[in-house]
Structures are given as C-alpha cells and as structure tokens.
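Please look at the sequence and the model first.

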Amino acid sequence: MRRFEIDAVIATNTTLGRAGVEHLPHGNEAGGLSGAPVRAASTRVLRELGQALAGSRTILIGVGGITDGAAAAEKREAGASLVQIYTGFIYRGPALVREAVAALAGARVEA
Ligand SMILES: Cc1cc2nc3c(=O)[nH]c(=O)nc-3n(C[C@H](O)[C@H](O)[C@H](O)COP(=O)(O)O)c2cc1C
C-alpha cells in the first residue's frame, strides 16, 4: 500500500452473490446486491483486510449493510476508521447518520 501511496481502502462494494435472498420475489434479478444482506460478508472481508494490513497505517473504510448504529459499530470493531452508508440512508434517511455517529461515539440514542 505504501509502495503505491494508497492512503485508504474501501473494503467492499455490492455483491453478485444472492445468498439469503434467493427465495425473495426479486431475489434473482441481475445487478449488485446491497444493504442488510451483504452486512456479514462485508464485515468479514473488512476484518481480513484489516489483519492483512495491520501496522501499515492504511485507513480502512467499512461499507455494506450499515442500517443501524450497531452495524456501524461492527464495522469499526472489524477494523474500519471510517464508515460509508448508502442503502441504509435510502431507507432511513438522516436519522441513520445520527444513530451511527452516536454508536461510534459509544453512546445510545433514542430513535
Ligand atoms: C444504486 C446504487 C448505486 C451505486 N453506485 C456506485 C458507484 O457508482 N460507485 C461505487 O463505487 N459504488 C456504488 N454503489 C455501491 C455502494 O457505494 C456500496 O458500496 C454498496 O451499496 C454497499 O453499501 P450499502 O449496503 O450501504 O448500500 C452503488 C450502490 C447502489 C445501491
């Protein structure tokens, strides 16, 4: 990472996988799957990346299925310095930002 002067890495994006949604009405449509169904897989990749880059000072950005404060905190626990939200923001709006900030600060916030 230092060799290429990469400062930060966004760990994951959407997935072509359909694990957990195959049975749903639109579960087999083409395109990238995002939101809650990708949460666990993205956190797993983030954690592996964090272990691989341990000591490198590369900043990790956690993204994938952050739909509440707990999911944001999960990304940080797995090694993220920053988090990105997309699908969760569509469903929950700015309240999700407030909740995520509170969770990352270690506080509880009333919905
Ligand atoms: C409608 C839509 C458009 C997206 N466009 C881009 C894009 O242009 N570039 C990119 O890197 N990721 C794009 N993404 C992926 C998101 O940045 C993010 O990595 C992914 O949706 C997982 O996060 P989420 O579960 O919070 O949505 C897009 C996602 C969605 C749902």
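## Exposed sites outside the helices and strands

Glu5 lies in the segment before β1 (8-10); helices (H or I, at least four residues) and strands (E, at least two) are DSSP runs, numbered from the N terminus. The model is a predicted one, in which local features need pLDDT of at least 70 and side-chain atom pairs count only at pLDDT 80 or more, while totals for chains, interfaces and linings use all residues. Residues are numbered from 1 along each chain as its sequence is written, and side-chain values use heavy atoms, with hydrogens and water left out.

Most residues other than glycine have a negative phi. Glu5, however, has a positive phi, near 55 degrees. Its relative accessible area is 67%, so Glu5 is exposed. The cut-offs are under 20% relative accessible area for buried and over 50% for exposed, with partly exposed in between (1.4 Å probe, protein chains only). Arg57, in the loop between α1 and β2 (59-63), also has a positive phi, near 65 degrees. Arg57 is exposed, with a relative accessible area of 72%.

Ala30 sits in the loop between β1 and α1. With a relative accessible area of 81%, Ala30 is exposed.

## Overall fold

The chain has four helices and three strands, in the sequence order β-α-β-α-β-α-α. Its C-alpha atoms fill a box of roughly 45 × 35 × 20 Å along the principal axes. Of the 111 residues, 32% are buried. Among contacts (heavy atoms within 4.5 Å) with a separation of 6 or more, 49% are between residues 24 or more positions apart.

## Helix α2 and its two partners

Two packed helices are described by the angle between their axes and the distance between the axes. Axes here are lines fitted to C-alpha atoms, for helices over the stretch in contact, and angles run from 0 to 180 degrees between N-to-C directions. Helix α1 (residues 39-52) and helix α2 (residues 69-77) have axes that come within 9 Å and cross at roughly 20 degrees. That makes α1 roughly parallel to α2; angles under 35 degrees count as roughly parallel, over 145 as roughly antiparallel, 65 to 115 as roughly perpendicular and the rest as oblique. Arg39, Ser42, Thr43, Leu46 and Arg47 of α1 meet Ala70, Ala71, Glu74, Lys75 and Glu77 of α2. By class, this contact has three nonpolar, two polar and five charged residues. Ala, Val, Leu, Ile, Met, Phe, Trp, Tyr, Cys and Pro count as nonpolar, Asp, Glu, Lys and Arg as charged, and the others, Gly among them, as polar.

The axes of α2 and helix α4 (residues 94-104) come within 8 Å and cross at roughly 45 degrees. The two helices are therefore oblique to each other. On the α2 side the contact is made by Gly69, Ala72, Ala73 and Arg76, and on the α4 side by Glu99, Ala100, Ala103 and Leu104. This contact has five nonpolar, one polar and two charged residues.

## Nonpolar core

In soluble globular proteins, nonpolar side chains tend to be buried together. A nonpolar core is a set of buried Ala, Val, Leu, Ile, Met, Phe, Trp, Tyr and Cys residues joined through side-chain atoms within 4.5 Å. The largest one here has seven residues: Val9, Ala11, Leu46, Leu53, Leu60, Ala78 and Ala80.

Leu46 touches Ala11, Leu60, Gly62, Lys75, Ala78 and Ala80, leaving aside residues up to four places away in sequence.
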